[in-house]
Amino acid sequence: MHWNSLSEFINMGGYGAYVWGSYLVTFVLLTAEVIMLRARKRKLAQSAPGGEPVETHNAKLETAL
Amino acid sequence: MSKSKIHWYKYAAPVNFYPLAGKIIPFFTGLTIILFAIGLYMSFFVAPVDFQQGHSYRIIFIHVPAAWMGMFLYVLLAIYAGIGWAFNARLASMMAKAIAPTGAIFTFISLVTGSLWGKPAWGVYWVWDARMTSTLILMFLYIGFISLQSSIDDTRRADRAGAVLALVGVINVPIIYFSVQWWNTLHQGATLTARSFKMAPSMLSAMFVLMGACWMYAIAIVLARVRLIIKERERDAPWLVEEVAA
């Protein structure tokens, strides 16, 4: 264990912004990927299979993600 | 082949692959959570502080796995796209399409975390050295693949066009990998080589656990995405109507 207190842990020896920034960006991007995929799944479930596909103005963009 | 109990070719057909993927996704999701928890604990509480870089080096535990994933996934994408093109295997093309966004995200993470590590280590967020420039090109290749595919309405034509781009672009992967040897880069050399590990064993194992976590995450999310792509593309197929109704 290298940390004597929570503030020491957050501070990361003066590199807190860089270290936590990196982990935060990673967390946000991976979570966003999961959320966007879920939204796409929900949207697909709403349009009944065998029926007409639901077209929206940004359907292209959404199918890319 | 005939003696094997598992008929591998069977799963090249979306009709058989779709339910199989659905069954194995929870397994990979579980492993993702477990490995991330262990890996993050090791990164912050087990791995010692670096005598030169202090705690700033802890970015490595996310930076290196993300960079590797960006490269591995691109090679995998190119292989699937190539198989889909050469053998007219539509599931392989769908896999390539499903891998692209995840590969792009990992490449982007490696660029951002690298830049956040560059500032304390080198004093700059970005330099146009060979490693960083070639990784940026990898990012553009992913974006190019995604935009090219979504700009062509005929899906099989889109797959073929994407395959050409993916296969030409694969030359960039060895360039990224060897860039630190071929050119004089600001970026440090390989952390791991066949002969030596330049890291403490606990640092190395933390990195490998997070590497595993990223792989499990990538498998789970790509399978989930390929299921959606199957559903979108084969929406009129009778088997899918039955599958969804069931």
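In what order do the elements of chain B run from the N terminus on?

Reply: Happy to! One thing to keep in mind from the outset is that this is a predicted model. From the N terminus on, the elements of chain B run α-α-α-α-α-α-α-α. Of the 246 residues in chain B, 38% are buried. If you take the contacts in chain B with a separation of 6 or more, 78% of them join residues 24 or more positions apart.

Let's begin with helix α1 of chain B, which covers residues 14-46. This helix has a kink of about 30 degrees at B:I24, shortly before the proline B:P26. The buried residues of α1(B) are B:P14, B:Y18, B:A21, B:T32, B:L35, B:G39 and B:S43. Keep B:T32 in mind, as this residue comes back below.

Next, the loop between α2 and α3 of chain B, where you will find B:N88. The phi of B:N88 is near 55 degrees, a positive value in a residue other than glycine. As background, most residues other than glycine have a negative phi. B:N88 counts as exposed because it has 12 C-beta neighbours inside 10 Å, and 12 or fewer is the cut-off for that class.

Leaving aside residues up to four places away in sequence, B:I99 touches B:L73, B:L76, B:L77, B:Y80 and B:V222.

Helix α5 of chain B, residues 155-169, is where B:A158 is found. Is B:A158 buried, exposed or partly exposed? With 17 C-beta neighbours inside 10 Å, B:A158 counts as partly exposed, because 20 or more would be needed for a buried residue and 12 or fewer for an exposed one. Not counting residues up to four places away in sequence, B:A158 touches B:Q149 and B:I152. Looking back along the chain, B:L148 is ten residues from B:A158, and their C-alpha atoms are separated by 7.2 Å.

With 23 C-beta neighbours inside 10 Å, B:Y217 counts as buried. The C-alpha atoms of B:Y217 and B:A200, 17 residues apart along the chain, are separated by 26 Å. Here B:T32 returns: not counting residues up to four places away in sequence, B:Y217 touches A:L30 and B:T32. One of those partners belongs to chain A, which leads us across to that chain.

Chain A has three helices and zero strands, and buried residues make up 12% of its 65 residues. In all, 27 residues of chain A are in contact with 35 residues of chain B. On the side of chain A that touches chain B, α2 (16-46) and α3 (59-64) each supply at least two residues, and α2(A) gives the most, with 15 residues. Sorted by class, this side has 16 nonpolar, seven polar and four charged residues.

Chain A averages a pLDDT of 81, and 71% of the residues score at least 70. Within chain A, confidence is highest in α2(A), at a mean of 94, and lowest in α3(A), at 54.

One last stop in chain A is A:M12, in the loop between α1 (6-11) and α2. Although A:M12 is not a glycine, this residue has a positive phi of about 50 degrees. A:M12 is buried, with 20 other C-beta atoms within 10 Å, whereas B:N88, with its own positive phi, counts as exposed.

Technical notes. Residues numbered from 1 in each chain as written. Chains lettered and ligands numbered in written order. Predicted model: local features only at pLDDT ≥ 70, side-chain atom pairs only at ≥ 80, totals over all residues. Bend = angle between axes of the 7 residues up to and from the residue. Helix = DSSP H or I, 4+ residues; strand = E, 2+ residues; numbered from the N terminus. Contact = placed C-beta atoms within 7 Å. Nonpolar A, V, L, I, M, F, W, Y, C, P; charged D, E, K, R; others polar. pLDDT = per-residue confidence, 0-100.
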